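Subject: Structure handover

Hi,

Here is the structure for you to look at. Please open it first, then read my notes below.

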Amino acid sequence: MDGGAATILVVDDSRTKRYLLVSWLTRAGFTVLEAENGAEALARVEVDRIDLVVLDVRLPDLSGYEVCERVKAAHPAMPVIHVSAHAVDVADRAQGLTRGADAYLTEPIEPEELIATTRAVLRYYQARQRAELLAERLLVLADTTVAVYAAPTFARLLEAAAEGAAQIFKSPVAVVAETFDGDCLAGIAAGPGTRATLVPWVVDDSGVPTGATVRVEDPANWGLIEWPAGSVTVAAARLREDRAPLYVVVPTATQTARTPVLVQLAQAVAAAVEAQRSFDEEHRIAVTLQRSLLPRRLPDVAGLDLAVRYEPANAQTEVGGDFYELVMLDGHLLLAIGDVAGHSLHAATVMAELRHAVRAYAVEGHQPGEILHRVNELMRTLLPAEIATLCVLLLHPPTGRVRLASAGHLPPVLSLDGKVEFVQHLAPLLGVRAPRPADLEFVLPAGATLVFYTDGLIERRDATIDEGLAALAALSGTVDEDLDQFCARLLVELAPPEIQDDVAVVVLHRR
């Protein structure tokens, strides 16, 4: 707002004095409206777009002080200049300023003094409005940044960015970014308080440098939403040369000089997109690694039925280190199931090392307890910061003889003729130096079923682990003839709808 754009209301019951004030302000380039009493002035400020009020102290209906107070109560950002044709003392001026006026002029008033005071007061309020607008936008920017970084998926990230930007600029917005798979999506919001939607949108990225850039464009170039009249301002943030830029598009009328909030928003969202892309990439690599290391097919063992179910955590959760092994060695079935602490690509690589170690020590002919001892020594030497649980079983199919050793893993469930019990073998975790008990030896009767699992099956945020174990025992009392169907039923009944941790289930039935 400059002097020529400002609208001033002159309030004075003296027609002559009003004429002079209006003439001086009009010649200075202001748009001027008039009111001859306090009631008319209060009515006009509610209807007309007024930037400043020049207000006589003595009016026929209300005092200028009271009018000023009521104007300020309704419009705190509307400046008021008191003028007085009567002799005033310090107390009068102090009262005027105390009750809300921004300046106090007494006659004789010189035109230059009136114009200079008016412009000074307007400059102050313009600066104040810019500062308040910037502060408000920065507060919403902070909330938007938190929401964007907390978004669980790429889609929700774009939606949160668009909704936040619409709230910041009080206008329609579009936020455009490329997914890890190379698809270009736009999150669009029609205005503040509206839910964002996603639409495909392709952008020509050629010539966009790294860093943050801002340009003004024809809204027809961004026809994915209905824009208000005028141009649009496009902020592009490109963090790396090999990454597509992120774009935030808003009406140009919403922007201030140097577009500081728009640039900060684009950079913050671009950083969040990069973090999401990196996470998606790591998650995909880890899941691929896990699946490549799990047995490709189950061994065909006379007298035994086997089934497995492995479900990785959903795409919003870091991959874990769950694994299992089923292989025939020298007439015995080796069954192992384990879980490396942590959730990351690193956990998946540690899992791979442990699985290979178990297979290697089993091939050498070691019994389960010795396998665990050797794996533990390997971990403590080469992976001293890691912790894992592991259960190893060797089963002789013709006789049902079992040797089992556990290292802190959850106990398998033994189900026979509707009776269920947990096969307990208490021993320290892998990665801990502590004595280990002797192997547990028993015979698995014909018709019995063993259920091995990782903690993702029974651990839920709304229940304790004991409640999860009890639920597993209850479900295991009835074992479906189709073991694959039994595994599926366990997951449906026990695991949460959104799997937050990897789940591995291995079921062994002796005919």
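In helix 5 (111-150), Arg 137, Val 140, Leu 141, Thr 144, Ala 147 and Val 148 meet residues of helix 6. On the helix 6 side are Leu 157, Ala 160, Ala 161, Gly 164, Gln 167, Ile 168 and Phe 169. Contact means heavy atoms within 4.5 Å. The residues of this contact are nine nonpolar, three polar and one charged. (Nonpolar: Ala, Val, Leu, Ile, Met, Phe, Trp, Tyr, Cys and Pro; charged: Asp, Glu, Lys and Arg; polar: the others, Gly among them.)

The model is predicted: local features need pLDDT of at least 70, side-chain atom pairs count only at pLDDT 80 or more, and totals for chains, interfaces and linings use all residues. Residues are numbered from 1 along each chain as its sequence is written, and side-chain values use heavy atoms, leaving out hydrogens and water.

Now helix 3, residues 64-74. Helices are DSSP runs of H or I, at least four residues, and strands are runs of E, at least two, numbered from the N terminus. Gly 64, Tyr 65, Val 67, Cys 68, Val 71 and Lys 72 are buried there. Buried means under 20% relative accessible area (1.4 Å probe, protein chains only). The buried residues fall within an arc of 160 degrees seen down the axis, so they line one face of helix 3. The arc uses directions from the helix axis to the C-beta atoms.

Best wishes

Definitions and conventions. Buried means under 20% relative accessible area, exposed over 50%, partly exposed in between (1.4 Å probe, protein chains only).
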